[in-house]
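Q: I have a model open on my screen and would like to talk it through. Could you take my questions as they come?

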Amino acid sequence: MDAFWTFAGNYWWLAFPILAMTSGAIGGVYKAMEKSAKRRHERRMETLRLKADIKTAQIAARGAAPARAVLPAKSAPAAASAQLLARTLAEHDEITARWLDYELDVAKLIAFPAMSDGRQPLTAAFLRAKKTADALRPASADAKITEQQAAEYLDAVGDYAVAFEIAEKDARRLRNSTFTEDERKRLDRAQQLLKVAVDESATSAERQAAYKRVRQELDGLISLSDDAVQVLEKKVAPELGA
């Protein structure tokens, strides 16, 4: 213990860069959470305004004369509801596309393996949020769903967006730091071999040999989905993809 305090006294200045690095990592995740929370707040405020419009239209419909006076009151909230649902569906698709950009790109999987590792807590939370949003997703913006179903879907997509932002930020911070030194060397070799495998200036034999080596180096380290393998094989050679 005395040795520790002697070291701390002699090298006290090391505490500042260590603290700065730790604060930077925490600050990055906090900023992602803050940004996503703001988007969720804006979406929920818009949802509340929409619900108020619908309630106003329902009250007007019960108390007003039929036909021309009622129809505009009903159609305006319905159009606004469909518009909000369409934007939410688009955001849902955008987040999924950003995730697939990691899931289907082997180079990105090697660079940021945590994005496909369900053992990482933040990645696991993102995958759960994705599953919930996918389950609540309506067939289209014109689908007949209740007000409660729409609100649940809006919240689920908001959670999905927040979870992705945080998981992505953490994966870019971690990179390959969760692997051992030998495993990191294998990942580095796989990254270099991957460049040869997709290099159109290399011969077909060189590219296929590099591709096989990539699979060998990644075996037991990163699990490639069937879709990721198919995308990679199409880049290596059309006959491999077939």
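This is a predicted model: local features need pLDDT of at least 70, side-chain atom pairs count only at pLDDT 80 or more; totals for chains, interfaces and linings use all residues.

Q: Let's go to α5 and α6, how do their axes cross?
A: The axes of α5 (121–136) and α6 (147–174) come within 8 Å and cross at roughly 155°; an angle over 145 degrees counts as roughly antiparallel, and the two helices are therefore roughly antiparallel to each other. The crossing of α5 past α6 is left-handed.

Q: Which residues meet there?
A: On the α5 side they include Leu 122, Phe 126, Ala 129 and Ala 133, and on the α6 side they include Tyr 153, Val 157, Tyr 160 and Phe 164. Sorted by class, this contact has 14 nonpolar, two polar and four charged residues.

Q: What about the loop between α5 and α6, where I see Asp 142: is that residue buried or exposed?
A: Asp 142, which sits in that loop, is exposed, with a relative accessible area of 62%, and since the cut-off for exposed is over 50%, the label follows from that value. Asp 142 and Gln 83 are 59 residues apart in sequence, while their C-alpha atoms lie 9.1 Å apart in space.

Q: Switching to α9, which of its residues are buried?
A: In α9, residues 226–236, the buried ones are Ala 228, Val 229, Leu 232, Glu 233 and Val 236. Viewed down the axis of α9, these buried residues fall within an arc of 130°, so they line one face of the helix.

Q: Why would spaced-out positions point the same way?
A: An α-helix has 3.6 residues a turn, so residues three or four places apart point the same way.

Q: Then how does α8 pack with α9?
A: Helix α8, residues 204–218, packs with α9 at an angle of about 155°, and their axes are 10 Å apart, which makes α8 roughly antiparallel to α9. The crossing in this pair is right-handed.

Q: Which residues are in that contact?
A: Arg 207, Gln 208, Tyr 211 and Arg 215 in α8 meet a set in α9 that includes Val 229, Leu 232 and Glu 233. By class, the contact of α8 with α9 has four nonpolar, one polar and four charged residues.

How values were computed:
Residues are numbered from 1 along each chain as its sequence is written. Side-chain values use heavy atoms; hydrogens and water are left out. Helices (H or I, at least four residues) and strands (E, at least two) are DSSP runs, numbered from the N terminus. Buried means under 20% relative accessible area, exposed over 50%, partly exposed in between (1.4 Å probe, protein chains only). The arc is that of the directions from the helix axis to the C-beta atoms. Axes are lines fitted to C-alpha atoms, for helices over the stretch in contact, and angles run from 0 to 180 degrees between N-to-C directions. Angles under 35 degrees count as roughly parallel, over 145 as roughly antiparallel, 65 to 115 as roughly perpendicular and the rest as oblique. A crossing is left-handed if the near helix is turned anticlockwise from the far one by less than a right angle, and right-handed if clockwise. Contact means heavy atoms within 4.5 Å. Ala, Val, Leu, Ile, Met, Phe, Trp, Tyr, Cys and Pro count as nonpolar, Asp, Glu, Lys and Arg as charged, and the others, Gly among them, as polar.
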